[in-house]
Amino acid sequence: MDNHSIIEIANRVFLANYRPAPIVLESGKGCRVTDVEGRTYLDLCAGIAVVAVGHAHPVLVKAIAEQAGQLMHVSNLFYNRPAVQLAAELSERTAYDRFYFCNSGAEAVESLLKLARRYHFERGDTARTGLVSMQHSFHGRSMGALSLTGQSKYHEGMGPMVGGIEHVPFGDIDALRAVVGSQTAAVLLEPIQGEGGIVVGEPSYFAAVRALCDEAGALLMFDEVQTGIGRTGTFLAQEWSGVQPDACALAKGIGGGFPLGAIGVVETLVDALPPGTHATTYGGNPLACAAALAVLKVFDDEDLIEHVVRVGDYLGGRLAALADDDTVIHASAARGRGLLQGIVLAQDTDPASVLAAIRQRGVLLTLAGGNVLRFSPPLVVTQAELDEGLAVVKDVLSMERIQ
Ligand SMILES: *Cc1c(COP(=O)(O)O)cnc(C)c1O
């Protein structure tokens, strides 16, 4: 079957909540994916910053196949070795001591929300239920995560939102100071606003946020669903943020494409969710955890973090040059870190046609924040692959009329 006939069926059997590109992908290897008609694309979006070690990495494929043949699911009524090992490995690689596993980013954020409130409740501070997050943030689509998301377009028609949540401008410490107080359970932010348009936070701002939370007795939580697991050139973005949050949410890259979410917390929060207060049936299943362990093995085997720093610097330099180039009329600025970078499109440029034109030339990218062309390739991307993608992007962004 060709793309068209499969899409025709899809349009009869799917809900209409997505608007996918008109290609049906069937296989992948490294940074290449192939559709059902045999056309190959250079994948520089990695399924939205998920496919960390590339498509069909042999170490990941083998780990999943072996674990599937051994034990896939037991529930949290029992221990399983991969989950224990994964939590131990994550605690070695991060400044967090304790981990809880779930299945997606939204679920991880949802868990942070509940943990924040319950933490204070356990300490007898039952009035501390307020949460503060950032305007233009993105935290997921379940009701709690959606309520924390600071973009009204996602709230429309979905109300009422979860109560007790305020949104302030990202980077504005005075605005935050005005709302944080004795009722604040936690402040939640993304070190780099990903979906919001690759907006990078400043260490000086994070330091001020940390100090403010400490003064007020509120928890500081990072949503590292997009920035974590090597994406910005450190294992977690908090390493360059200069602060130690009390908890973080992880997902996207952690399973290398296999669904997995997690929260990490510092030791003082270990009892924030007593037995029975929070759970998920699938969370921490041996299959997902074996996948994540394989991803971490590839990080070590291939020195992936150092690689991300190297190719990330290269990509950043090339994008900055592109934004400065007068012949590239549709690019106005470049920003980001590591392998989470973006080009801000010029004011009258139509982002959807840019994306489609780049795709028609065989390169897959995504948009963020409406007008930012986002690069979030597999972390194993080579400089040659980036060059190939950048040549296409430059061509398209230089066209008088994009077609
Ligand atoms: C993608 C994302 C989420 C939501 O993750 P899902 O797995 O789609 O639920 C939450 N926070 C951030 C920062 C994200 O980028």
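The secondary structure of this protein, which is seen here as a predicted model, comes to 14 helices and 17 strands. The C-alpha atoms fill a box of roughly 60 × 55 × 45 Å along the principal axes, and the radius of gyration is 21 Å, which agrees with the value near 22 Å that a compact globule of 403 residues would have. Of these 403 residues, 54% count as buried, and among contacts between residues at least 6 apart in sequence, 72% join residues at least 24 apart. The protein exposes about 17,800 Å², of which carbon and sulfur atoms supply 54%.

Which residues of H9 are buried? They are Tyr205, Phe206, Val209, Arg210, Leu212, Cys213 and Ala216. Seen down the axis of H9, these buried residues fall within an arc of 165 degrees, so they line one face of the helix.

The face turned away from the buried side of H9 carries the exposed residues Ser204 and Glu215, whereas the cover over the buried residues includes strand E5 (130-134), helix H8 (173-179), strand E7 (184-189), strand E10 (219-223) and helix H10 (238-241). Just after H9 comes Gly217, which takes a positive phi of about 75 degrees.

Methods
Residues numbered from 1 in each chain as written. Predicted model: local features only at pLDDT ≥ 70, side-chain atom pairs only at ≥ 80, totals over all residues. Heavy atoms only, no water. Buried < 20%, exposed > 50% of the residue type's maximum accessible area, 1.4 Å probe, protein only. Helix = DSSP H or I, 4+ residues; strand = E, 2+ residues; numbered from the N terminus. Arc of directions from axis to C-beta. Contact = heavy atoms within 4.5 Å. Rg over C-alpha atoms; globule rule 2.2 N^0.38 Å. Areas by Shrake-Rupley, 256 points an atom, 1.4 Å probe, with all protein chains shown as cover.
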